[in-house]
Structures are given as structure tokens and as C-alpha cells.
Amino acid sequence: MIQFDHVTQRYPGGQEGLSQVSFNLAKEEMVFLTGHSGSGKTTLLKLIALLEKPSCGTIIVDGRNLDRISERHIPDMRRQIGLIFQTPQLLTDRSIFENVSLPLVIEGYRPSEMSRRVHAALAKVGLENKGGLTPEMLSCGEQQRVGIARAIVSKPPILLADEPTGNLDPELSAEIMRLFVQLNQVGITILIATHDVNLIGTLPYRKLTLKEGCLINEKGE
Amino acid sequence: MMTARKSLHIPRFLLYFFQHLQAIKLSIRQLSVEPLSSIMTFAVIGIALALPMGLFVLLQNVQTITHGLHDTAQISLYLNMNVKQKQIDNLLRVLQKDEGVAQVKYISPQEALKDFQKQSEFSDVLTELKNNPLPGVIIIKPIKNINTRAQINYLFSRLKKLPLINKAQLDMAWLKRLSAIIKLGNRIIYAVMALFAFGVLLIIGNTIRLTTQRYQDEISVLKFLGATKSFIRRPFLYSGIIYGLVGGIIAWLLVDTTMWWLRNPAEQLSNLYGMHFQLQGLNLSSTLVLLISGSLLGYLGSWIAVGKHHHRHS
């Protein structure tokens with residue numbers, strides 16, 4: 001589903017965010033991307049989400065070479081990927097329902113279908129009765145779950161999460177991880193970047209470890 | 001699979017209207033976040049549009065007055081001395097049949113002398129004269145359709161060639177000067193209009209630039225979620241159009257209220273000059289031009305601002 005072939009990302013000034021990174025992520029697989037802060041986890045996710053372009057190397061996502069995607073078609077590609085951030089980046093002047101429905105509004109879904117999907121996504125993250133509230137009325141954990149609901153509402157085949165539990169306590173973090181496991185079980189390919197090794201230690205999923213931009217360990221468990 | 005997916009989406013032709021409707025709603029929401037600031041911007045745009053529009057309307061009114069003055073233009077035809085009454089009657093008949101002439105008035109030498117005696121301080125001296133030195137005069141009033149300087153000049157040169165006419169007179173110098181002043185005024189107003197239009201463009205552009213900065217987080221989120229540039233740009237474009245349109249409405253209200261306020265004094269003044277003149281406000285076509293220009297300026301200003309924002313963040 002996601003294929004990196006000798007991908008290097010060099011920033012102005014010559015500093016390398018990623019160096020010769022190669023790996024494969026199969027369809028419906030869930031993989032953890034670990035490493036210290038500044039190791040290149042976020043850079044790797046940004047490359048997949050077309051928020052940055054690699055200096056060299058090839059990235060193939062869902063059979064499409066990202067290098068050959070024109071600027072005009074980048075939004076189409078981004079709609080195939082659900083993005084989850086450390087801070088959920090919700091729009092504070094909109095209700096939870098409106099926040100979650102944003103990807104569907106962009107895609108032009110029928111209002112009836114939109115309503116059905118938003119309610120289903122909110123139910124999936126356990127917030128079915130909070131659609132009318134605004135983000136400020138929710139706790140950090142609930143806001144993160146809204147972010148996940150927004151990412152999955154259009155049923156994208158790929159989900160990328162950048163430190164999704166970074167701001168949460170251990171109990172909430174475990175709850176969010178259980179949610180990712182459930183999503184993976186329904187067939188979504190998931191790549192989660194986290195530096196919290198304790199949280200993922202016991203989970204039976206493959207882990208990719210980055211150190212100073214290089215992939216130093218790829219082991220399946 | 002494809003049919004099932006299609007049925008989930010709004011049909012393409014409806015989607016266009018649906019997304020524009022949503023963009024309008026969103027732009028109204030953006031404007032209502034800081035109502036006082038929005039109202040002040042509307043007012044500034046309104047005043048900036050009202051000033052050149054007000055001058056334009058005043059100039060149009062001045063042009064109406066000068067048209068009226070052309071209507072009152074008179075041609076004086078001085079006859080040769082010692083012309084017989086029968087010849088004069090024939091000439092008057094010819095003039096009355098002329099298609100360019102509305103009114104013909106003959107002042108005989110005797111009537112002219114009498115009037116002159118009344119108005120002159122030397123009435124005693126004039127009574128002592130053995131012969132009347134004044135010629136008969138025919139005063140011609142052109143028809144209403146002859147209201148431009150060129151038309152009046154043509155009529156004047158035609159009448160002056162008639163037999164029995166010794167001299168013809170038409171005082172047009174002041175009308176020429178007035179015409180030149182109006183032409184200059186027109187040019188000045190167009191320059192002022194262009195200057196203020198540029199000002200409105202800058203005001204709206206800057207306002208939308210600040211709005212895009214305030215909504216930077218939202219723009220980023222929409223980009224992550226796969227929104228196209230046009231989807232992101234649309235609400236800001238509508239905000240620009242709304243700024244221009246509401247500014248235009250305010251300008252129209254300001255100009256029309258001012259004209260209404262000046263109407264009575266202007267009418268009184270024109271009456272003192274023996275004219276009937278009513279100050280006119282913006283007519284329908286000028287109002288439409290004002291509203292469309294305001295909206296277009298808003299659209300253009302926001303297009304430039306959002307384009308620059310996209311370019312900076314791409």
C-alpha cells in the first residue's frame with residue numbers, strides 16, 4: 001500500500017530529514033513508526049501526505065508514484081489519506097458535527113449521507129451524543145477522538161497518525177490505541193508515529209525505528 | 001460500485017450551487033465574527049465609493065442645466081433699415097414655417113426705440129432725434145430638439161443668410177466656456193474615480209489578507225483534508241464581493257440622501273435664475289454600475305489577496 005524506495009529528504013542548508021529510507025507497508029497493515037523527537041517521523045508522514053516532496057527516491061502510495069502526481073491532483077490524493085495530529089486541529093468556531101463532516105463537505109456528499117456517516121464516525125469513537133457541542137466543551141481525549149472521527153468519516157484506505165497520544169495520559173492513550181486497532185480490523189492501513197515505546201511495546205504490530213533520518217530497525221512481531 | 005458511490009454524492013450540476021451557497025454562508029459567518037470591524041470596513045468602502053459617485057451625479061446635474069440653457073438660446077436678426085412692412089410680413093411667414101424655429105417675435109423700430117427710452121438715462125435726448133436710428137429685430141427661439149452648440153450654430157448660419165437681414169447675433173462664448181469646464185470636470189471626476197477605485201481595491205485586499213491570516217489554521221486543516229484551492233478561496237472571494245456590494249449600497253444611500261438634502265435649495269436657486277431645475281440623484285443604470293463596480297472591485301481585491309496567500313504558503 002505504501003512503498004518507500006531510497007527516499008531522502010534534504011532541507012535548505014543541507015540538513016537531512018530522511019536519508020535513504022526504504023520500506024513497504026502492506027494493505028490493511030498497521031505499523032508503528034518510532035524514534036526520538038527530530039528523528040524524521042513527521043517528515044516521513046508529510047511525504048506520504050504530499051505536504052512535502054522528497055529530494056530523491058520514490059514513494060508509491062496505493063499504486064501511484066507521488067512524484068508523478070500533478071499539483072492539481074494533490075487534493076484528490078490527500079482525500080485518500082486520513083490525517084491525525086498530536087493536537088487534533090479542530091475548528092473552534094464549528095460544532096463537533098461540522099468539524100467531522102468537513103471531509104464529506106469537501107467531497108460533495110449528499111446531506112443525508114453526510115449526516116449518516118458523521119453519526120456513525122462519532123459513534124465509532126464513542127461521542128455519538130456530542131455532535132452539537134463545540135471543541136472547547138470537550139476534554140483533550142475527546143477532542144483527539146473527534147480528530148480520529150474526522151479522519152475516518154470518508155472511509156479513507158490509509159490513516160496516518162502523528163503522535164496521536166502525545167498530549168494524553170496513559171489511560172486515554174491506551175483507549176486511543178484500542179480505537180486504532182479496531183479501525184485496522186475493518187481494513188484500514190494505518191501508520192502511527194509515536195515516541196512512546198512503552199505504549200506500543202505490548203502491541204503485536206510491526207515497528208519501524210528512525211534515528212537521525214535513517215531507518216535503523218524494521219522488525220515484524 | 002461506481003453507481004453506489006455516485007448516489008452518495010450530490011449531482012455535479014447541483015454540487016456547484018451547493019458549494020457556492022456554503023461559501024456564501026461561510027463568508028457571512030466570517031464577516032459576523034467581528035461585526036464592528038466589518039461595519040467600519042463597509043463604511044470606509046461606502047464613503048470611498050460615494051465621493052466620486054457624488055461628484056459624478058453633480059456633474060450630470062450641471063450638464064442637465066446646460067442643456068436647459070441651450071433650450072433658452074435666442075438668435076437676434078437685425079433687419080436692414082427702411083424695409084417695407086409687407087416684406088417683413090413675408091419674412092416672418094418664412095421663419096414661422098422653418099422647421100428649426102419654435103417661436104418668432106418681431107420688434108419694430110418704434111417698439112425698440114420705446115424700450116430703449118425706458119431703459120436709457122438719455123430718454124430726453126432720444127426724443128429729440130429726427131429719425132429713428134434703430135432697425136427692426138426678429139427674435140428667434142429654436143425648437144427643443146436643437147439643443148447642442150453645433151445645431152444652434154448651424155441654424156444661426158442658415159438664418160443669417162436670409163434676405164433683408166443686416167446682422168445676426170448669437171452669444172455662445174459663455175456656453176463654449178461652460179462646455180469646456182464640464183469637459184475638464186468630467187476628466188477630473190474620472191481620474192478621482194480611478195483613484196478611489198484603486199483605494200477600494202487596496203482596502204478590500206488588505207481586509208481579506210488579514211482575514212486569511214486569521215483563518216490560517218482553518219486553511220491548513222482544509223488543505224490536509226484534501227480541499228482544492230478554489231474550495232479554500234471561494235468564501236474569501238464572496239467576502240470581498242459582499243464588502244464591495246454593501247459598500248456600494250452605502251455609497252448609493254449617501255449620494256441619494258445628500259441629493260435629497262440639496263434638492264430644495266437647488267430648486268430655489270434655479271427659480272431665482274428663472275429656470276425650473278430639480279436636482280437628480282443616481283438613476284437606475286448609474287446605481288447598477290455603482291453596485292456592480294463595487295462587487296467587482298471586492299472580487300478583484302480578494303482574488304489578489306488570496307492568490308498571494310496561496311503563493312506564500314504553497
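Author: Gladly, and a definition comes first: a residue is buried if 20 or more other C-beta atoms lie within 10 Å of its own, exposed if 12 or fewer, and partly exposed in between, with C-beta atoms placed from the backbone. This is a predicted model, where local features need pLDDT of at least 70, side-chain atom pairs count only at pLDDT 80 or more, and totals for chains, interfaces and linings use all residues. Residues are numbered from 1 along each chain as its sequence is written, while chains are lettered from A and ligands numbered from 1 in the order in which they are written.

Reader: What percentage of the residues of chain A count as buried?
Author: Chain A has seven helices and ten strands, where helices (H or I, at least four residues) and strands (E, at least two) are DSSP runs, numbered from the N terminus. Of its 221 residues, the share that counts as buried is 41%.

Reader: What is the radius of gyration of chain A?
Author: The C-alpha atoms of chain A fill a box of roughly 45 × 40 × 35 Å along the principal axes. The radius of gyration is taken over C-alpha atoms, and the globule rule is 2.2 Å times the number of residues to the power 0.38. For 221 residues a compact globule would come near 17 Å, and chain A agrees, with 17 Å.

Reader: At what angle do the axes of H3(A) and H5(A) cross?
Author: Axes are lines fitted to C-alpha atoms, for helices over the stretch in contact, and angles run from 0 to 180 degrees between N-to-C directions. The axes of H3(A), residues 96-107, and H5(A) come within 7 Å and cross at roughly 35°.

Reader: How many residues of the contact of H3(A) with H5(A) are nonpolar?
Author: Two residues are in contact if their C-beta atoms, placed from the backbone, lie within 7 Å. Here H3(A) brings Ile96(A), Asn99(A), Val100(A), Leu102(A) and Pro103(A), and H5(A) brings Val146(A), Ala149(A) and Arg150(A). Ala, Val, Leu, Ile, Met, Phe, Trp, Tyr, Cys and Pro count as nonpolar, Asp, Glu, Lys and Arg as charged, and the others, Gly among them, as polar. By these classes the contact has one charged residue, one polar and, as nonpolar ones, six.

Reader: Which residues form the covered face of S3(B)?
Author: In a regular strand the side chains alternate between the two faces of the sheet. In S3(B), residues 137-142, the uncovered face holds Val137(B), Ile139(B) and Lys141(B), and the covered face holds Ile138(B), Ile140(B) and Pro142(B).

Reader: Which residue stands opposite Ile140(B) in S3(B)?
Author: Two strands pair if DSSP finds at least two bridges between them. Strand S2 (residues 101-107) of chain B pairs with S3(B) in the antiparallel sense over six bridges. Opposite Ile140(B) stands Val104(B).

Reader: Which helix gives the most to the side of chain B that touches chain A?
Author: In this interface 15 residues of chain B are in contact with 15 residues of chain A. Helices H2 (12-33) and H9 (216-224) of chain B each supply at least two residues of that side of chain B. With four residues, the one that gives the most is H9(B).
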